[in-house]
Amino acid sequence: MKPIAFARAETVDQALAAVTARPNTVFLAGGTTLVDMLRIGAMEPDNVVDINRLPLTDLEHRPDGGLRIGAMVRMGEVAADPGVVERFPFLSIALWKGASAQIRNMASMGGNLMQRVRCPQFRDVAFACNKRAPGSGCGAHEGLHRGNAVLGTSEHCFAMHPSDMAIPLTALDAVVHVQGPRGTRAIAFDDFFLLPGDTPHLEHPITADELIVGIDVPPLPFAVNSHYLKVRDRESYEFAAASAAVALDLVDGEIRDVRVGLGGVATKPWRARMAEALLVGKPATKENFAAAAATELAAADGHPMNQFKVELAQRTMVRTLEIVTGQIAQRGGRK
């Protein structure tokens, strides 16, 4: 590992000044991803700025039913918050299933959104990787790619986005707030994650001198009827082979509104908008769930080792819709 300069910021302005003064600087929050990247050489910054003391630690329940989550709020705090558990259960579940207790209590909400992919070729500097070294090629095509994506892929990269909590957040139409030398701006959650296309090294539309300061979750009353289902090789602390976040508004057996996010199968947190459009106004039946899931996955591009994810994603979506439908039935109808 090469020598790296280190600084600690007490305010957002100090953090931004530090990153502006020295190119090739990265922010250190919980460090649960960054430290790994430094050890294996997948990231080689010249300067690290510790932002753990920044006053971005508020978890605010808004009067309209929405949330404002500071970037430095720890994942474990949000997962255990009674208001989140009651009104956004699929977000709480995704956070619980996203990591071990030690990591949940260390990792920040903003840092989770900025975590890097788990593609073996990205994490092994002996392999070509367009995300790590633009223009070098994609070693995953001929290498180990069982965990890689089948949606949102390109010939240059099909690394899977690893976040669990981002899946319900994309279903909730969350908004990411960033601050930089040019001021603050709000970025719609779906726009915050870029498809690889021809530039897989560009993962977000923010510049190196901008910092996430908060996440807004708009109110969604029917999110009380929600669930996050994560399918993985082992139950304990493993990344998703496929996952689904579903919130359902069901009236007299008919779907009035629905939100669906998919994880483990795409290059970004995947909003299943085609499936949602097909389900609205339809009876909540397994046949309709399956038809919507098949439509969403019709454009999937699998490879020899991960082709199984195409069917697995469909089954996971269908099963999650069934679980939420069953929860509503147990409550005697729409809450």
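1. The parallel sheet. Three strands make an open sheet with parallel pairing, in the order β1-β3-β2. Strands here are DSSP runs of E with at least two residues, and helices are runs of H or I with at least four residues, numbered from the N terminus; two strands pair if DSSP finds at least two bridges between them. The edges are held by β1 (5-8) and β2 (25-28), and each has a single partner strand, so one side of each is left without a neighbour in the sheet. From one strand to the next, the twist averages 25 degrees.

2. A word on the model before going further. This is a predicted model, in which local features need pLDDT of at least 70 and side-chain atom pairs count only at pLDDT 80 or more, while totals for chains, interfaces and linings use all residues. Residues are numbered from 1 along each chain as its sequence is written, and side-chain values use heavy atoms, with hydrogens and water left out.

3. Pairing of β2 and β3. T25 has N47 as its bridge partner in β3.

4. Helix α1 and both sheets. Residues 12-21 form α1, which lies across β1, β2 and β3 and runs at about 150 degrees to β2. Contact means heavy atoms within 4.5 Å; axes are lines fitted to C-alpha atoms, for helices over the stretch in contact, and angles run from 0 to 180 degrees between N-to-C directions.

5. The antiparallel sheet. Five strands form a second open sheet, with antiparallel pairing and the order β4-β5-β8-β6-β7. Here β4 (59-61) and β7 (183-188) are the edge strands, each with a single partner, so one side of each lacks a neighbour in the sheet. The twist in this sheet averages 20 degrees from one strand to the next. Within it, five bridges join β6 (residues 175-180) to β8 (residues 211-217) in the antiparallel sense, and H177 is bridged to G214 in β8.

6. Strand β9 and its partner. β9 (residues 226-231) is largely enclosed by the rest of the structure, because five of its six residues are buried (under 20% relative accessible area, 1.4 Å probe, protein chains only). Six bridges pair β9 with β10 (residues 242-251), again antiparallel. The bridge partner of Y228 in β10 is A245.

7. Cavities. There are three cavities of 30 Å³ or more. A cavity is a set of points, on a 1 Å grid over the protein atoms alone, where a 1.4 Å probe fits but cannot get out; a pocket is an open set with protein on both sides within 12 Å along at least five of seven lines, and lining residues have an atom within 4 Å of a point. Grid points are joined across faces, edges and corners, and a volume is the space filled by probe spheres set on the points. The largest cavity holds about 130 Å³, and K131, H161, L194, E203 and T267 are the closest to its centre among 13 lining residues.

Note on methods: Buried < 20%, exposed > 50% of the residue type's maximum accessible area, 1.4 Å probe, protein only.
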